[in-house]
Amino acid sequence: MLLDHFCPMHARIDQAGCVTSVGPTLQRVLPEGWQGRNLSDLVTIQSPSGIHTGLDLLRMGPVRVTGHLRSANDLRLKGGWVPEGVGGVLNLSFGISVCDAVRRFHLTEADFAPTDQTIELLFLAEANAMAMGSALDMTLRLQQARQEAEERSVTDPLTGLANRRAFDLALAQRLQRASPFTLAIMDLDRFKLVNDTLGHGAGDQVLVRVADILRNSVRRGDLVARLGGDEFVLLLEDCASPTALGARFTTLIAKISTPDSYEGQAYHVGASIGWIAVKPPQNCRADDLMRHADSALYAAKSGGRGCHRQYHIS
């Protein structure tokens with residue numbers, strides 16, 4: 001009873017090197033049929049070197065022992081051997097494997113000696129893990145909130161397109177690169193009429209529909225932004241021939257000009273586009289480019305709307 005109470009992981013070894021009795025905790029973790037088997041069938045001893053069986057231990061005086069269970073070789077054991085009469089007692093513990101052992105064998109406080117500090121250490125480890133988990137969760141939530149805030153700061157809330165701030169940053173970056181690009185400003189025709197006659201809900205529907213058309217009409221690397229109201233802007237990676245770009249803009253205007261309806265009431269909006277092809281190292285500032293594209297847009301509207309015009313840099 002004394003050994004069971006204070007050494008619940010002990011094993012008694014007889015003169016033949018076989019296990020005759022074990023503590024209540026060791027009994028829980030050993031496979032059935034342990035009684036009478038040689039110690040080496042149940043436990044692999046790693047140190048001291050040269051000790052493999054119960055008979056080997058019988059030739060030793062008191063010594064520290066390390067090893068593992070044969071039925072759970074990933075759980076490391078440590079303990080001590082003490083000769084007693086013709087046999088001896090091997091007292092074991094899980095050491096650094098205790099957390100895994102507790103989970104695997106569902107051990108509780110009753111499975112450890114009353115003087116063993118393992119349970120207190122487990123409580124501290126669990127508390128530390130919970131604190132670390134809470135801190136990690138808080139960090140992840142803060143990172144997510146920061147990322148969402150950054151995305152909102154450069155996103156138009158109605159259409160999901162880039163907003164003016166994102167466009168300004170993108171244009172500044174394009175001007176610092178040596179590759180050509182095209183800047184196009186688009187304004188909707190008859191949008192105010194839809195807004196005034198069918199209401200702001202219809203106006204929002206128009207803007208979302210146009211945003212979807214623009215988003216699906218550009219290529220990877222291009223940028224589509226809503227600057228505000230019914231004004232959109234495109235930054236296109238390439239600077240193809242005027243004929244090819246003109247064909248793209250004509251197709252885009254035709255898609256936007258397709259009639260639609262809101263709550264059963266038909267409406268018809270159009271689009272006008274002013275654009276400029278930029279081929280660095282042309283000495284251009286962002287304000288100059290926007291002014292030039294605006295001039296081309298004004299020319300498109302003055303020319304009957306529903307068309308595009310290019311601004312030629314002299």
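Modeller: First a term: two strands pair if DSSP finds at least two bridges between them, strands being DSSP E runs of at least two residues and helices H or I runs of at least four, numbered from the N terminus. The model is predicted, so local features need pLDDT of at least 70 and side-chain atom pairs pLDDT 80 or more, while totals for chains, interfaces and linings use all residues. Residues are numbered from 1 along each chain as its sequence is written, and side-chain values use heavy atoms, without hydrogens and water.

Colleague: Ok. What stands opposite R12 in strand 2?
Modeller: S21. Strand 1 (residues 10–13) and strand 2 run antiparallel, joined by 3 bridges.

Colleague: Which order do the strands of the open sheet have?
Modeller: The order is 2-1-6-5-4-3, with antiparallel pairing. Strand 2 (19–22) and strand 3 (43–47) are the edge strands.

Colleague: Switching to strand 8, is it buried or exposed?
Modeller: 5 of its 6 residues (223–228) are buried, meaning under 20% relative accessible area with a 1.4 Å probe, protein chains only. Strand 8 forms a hairpin with strand 9, with 2 residues between them, and G229 in the turn has a positive phi of about 55°. R226 has F232 as its bridge partner in strand 9.

Colleague: And at what angle do helix 9 and helix 10 pack?
Modeller: Helix 9 (residues 200–217) and helix 10 (residues 242–256) pack at about 150°, axes 10 Å apart. That makes them roughly antiparallel, the word for angles over 145 degrees. Axes are lines fitted to C-alpha atoms over the stretch in contact, with angles from 0 to 180 degrees between N-to-C directions; contact means heavy atoms within 4.5 Å.

Technical notes: Parallel < 35°, antiparallel > 145°, perpendicular 65-115°, else oblique. Buried < 20%, exposed > 50% of the residue type's maximum accessible area, 1.4 Å probe, protein only.
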